[in-house]
Amino acid sequence: MSARPLDVLGAPGWGEVDARGLVRPGTGELTLDWWVGASDRWHRASQEAAVRQSEVGAGAVVETRMKVPDGDAVQRVWAVAAGGGPAVAVVEVGNEAATAFAVAMVVNAPGAVLTVDQTGVAVGGQPVLAWDRPPAGVAVGQDAVESLLEVEGGGATGLDHKGRDLAALVWPLPHSARLAVGASLGRGMPSPPSDLPDADAVLRGWQAHLDRGARIEVPDEGLARRIERNRRRWLGRTGRMETADVAEICELSVRLDHHGFHDDAVLVLDEISARWTTEVPTERLRAFTVHHDLTGDEQAAVRFVEAVAEAVEAAAKIGADVPVEPVERLLVAAGQDRAAEDFRRLDLSPAEPPSGGLRAELVADHEDELLVAPGFRSAWQGGPLAVYGLPTRFGPLSYAVRWHGARPALLWELDYHPGRKPVTLRAPALDEGWSSDQPAGETLLAASR
């Protein structure tokens with residue numbers, strides 16, 4: 001069953017929500033399920049057919065709807081940073097049915113001992129669940145849970161526990177009311193929901209984070225949603241790098257830099273530098289050099305030059321291909337001219353630049369020319385395309401394509417990095433004959449064929 005990530009910036013911990021709304025913190029200690037006691041029976045989201053799920057705000061909030069008599073029970077889950085402690089998942093259930101029902105939060109912590117008091121649930125003495133108002137009904141242990149929820153044991157419920165590692169907490173929920181709990185996604189006491197940002201605040205916060213990077217507007221709504229969702233997930237992955245291998249975080253750094261999240265990429269590069277390894281030297285060098293090329297940041301070049309030297313040494317020992325010219329540029333920018341000469345004498349084979357991906361469709365930066373919209377899709381013809389502050393080797397590029405009948409109009413602005421020489425801009429996918437060496441301008445291109 002597919003799962004959607006619960007990521008948060010600024011706090012340790014993460015989790016996921018499966019396709020039925022089951023919440024699983026990244027610690028792996030427990031799961032949190034939700035049941036609804038309606039007028040006919042108990043409805044368990046993980047077993048009901050009438051369950052559908054969607055993402056709100058590029059996936060910052062996961063909404064799961066379950067059909068019950070007279071309407072829907074609606075669960076929404078989001079993750080937040082909480083006062084210096086671990087990340088917390090807010091799990092909210094709302095009653096959008098015409099009549100009242102009961103909502104049960106079912107905690108499953110295999111092999112552990114659960115305890116419940118007036119403020120929350122603890123696993124082995126460690127608080128994991130908090131609420132603002134105590135539940136009306138509490139049960140710990142399978143027999144007690146089955147009695148509270150008025151279900152029979154066996155395979156029908158999927159409950160099979162011998163000890164005190166299962167707990168159910170029940171609240172009445174009138175029409176249009178909402179109930180929320182806070183579940184710790186790391187190790188530490190969770191805050192109650194009233195002390196945490198609500199869903200709207202979380203959506204605004206994530207949008208502010210996304211706005212720090214390049215803006216991309218495409219005429220395909222489905223693609224636009226995927227872009228925003230992927231960018232949010234890349235940012236979220238910076239908070240759980242310890243669970244990823246070096247190759248994965250190298251790819252993450254490149255993606256962040258490609259989309260203008262340079263400060264976040266530096267955090268990832270710090271993690272790569274801290275992991276002494278001889279593995280994947282090509283990928284490590286690509287991460288460091290992409291950051292330098294797309295930012296022109298000489299201080300970052302100095303900061304990471306030792307890690308670059310280690311990766312070069314590892315590549316030379318195994319004969320790995322490397323991004324030769326970008327490595328030379330980084331070493332020179334770091335003031336390591338002698339190291340650059342030694343690197344050239346190694347005569348390592350140049351690695352092929354990565355191909356594909358959305359950025360390759362929007363821009364291609366070569367040694368002496370910059371291609372605008374080189375992968376322009378035929379399906380985009382007639383629709384608005386625009387990028388703002390897209391990183392390139394020469395500096396951030398902004399452009400827009402607007403249409404006058406069959407003819408595309410191109411507006412562009414290239415903000416050169418300090419010391420960069422002028423480059424020729426071309427747009428061969430739109431007009432093979434057009435080029436310009438001006439940093440900004442607008443033109444009406446030839447009719448699209």
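Let me begin with a definition: two strands are said to pair if DSSP finds at least two bridges between them. With that in hand, and keeping in mind that what we have here is a predicted model, I would like to start at one pair of strands, where Lys 67 stands opposite Asp 72 in strand 8. The partner is strand 7, residues 61–68, which runs antiparallel to strand 8, residues 71–80, and eight bridges join the two.

Between these two strands there is a loop, and in that loop we find Asp 70, whose phi is positive, at about 75°, although the residue is not a glycine. As a reminder, most residues other than glycine have a negative phi. Is Asp 70 buried or exposed? Asp 70 has a relative accessible area of 51%, and since the cut-off for exposed is over 50%, it counts as exposed. A second case of this kind is Ala 58, which has its place in the loop between strand 6 and strand 7, and for which phi is near 55°, again a positive value in a residue other than glycine.

Eight strands form an open sheet, with antiparallel pairing, and if you follow the order on your screens you will read 6-7-8-9-16-13-12-11. Which strands are at the edges? They are strand 6, residues 51–56, and strand 11, residues 114–116, each of which pairs on one side only. From one strand to the next, the twist averages 20°. Helix 2, which covers residues 199–210, lies across strand 6, strand 7 and strand 8, and its direction makes an angle of about 50° with strand 8.

Next, the start of the chain. Strand 1, residues 3–6, pairs with strand 2, residues 15–18, in the antiparallel sense, over four bridges, and within that pair Ala 3 stands opposite Asp 18. Strand 2 in turn pairs with strand 3, residues 23–25, over three bridges and also in the antiparallel sense, with Val 17 standing opposite Val 23. The hairpin made by strand 2 and strand 3 has four residues between the strands, and in this hairpin Gly 21 takes a positive phi near 95°.

Turning to a helix, I would point you to Val 254, which lies in helix 4, residues 246–258. Val 254 has a relative accessible area of 11%, and because buried means under 20%, this residue is classed as buried. What is Val 254 in contact with, if we leave aside its neighbours within four places in sequence? The answer is Arg 286, Ala 287 and Val 290.

Finally, some totals for the chain. The secondary structure comes to ten helices and 25 strands, and the C-alpha atoms fill a box of roughly 75 × 55 × 35 Å along the principal axes. Of the 449 residues, 52% are buried, and the accessible surface comes to about 20,100 Å², with 48% of that belonging to carbon and sulfur atoms. If we take the contacts between residues at least 6 apart in sequence, 62% of them join residues at least 24 apart. As for charge, there are 44 positive and 65 negative side chains, and the centres of the two sets lie 3 Å apart.

Methods. Residues numbered from 1 in each chain as written. Predicted model: local features only at pLDDT ≥ 70, side-chain atom pairs only at ≥ 80, totals over all residues. Heavy atoms only, no water. Buried < 20%, exposed > 50% of the residue type's maximum accessible area, 1.4 Å probe, protein only. Contact = heavy atoms within 4.5 Å. Areas by Shrake-Rupley, 256 points an atom, 1.4 Å probe, with all protein chains shown as cover. Lys, Arg positive; Asp, Glu negative; His and termini not counted. Charge placed at Lys NZ, Arg CZ, Asp CG, Glu CD. Axes fitted to C-alpha atoms, helices over the stretch in contact; angles between N-to-C directions.
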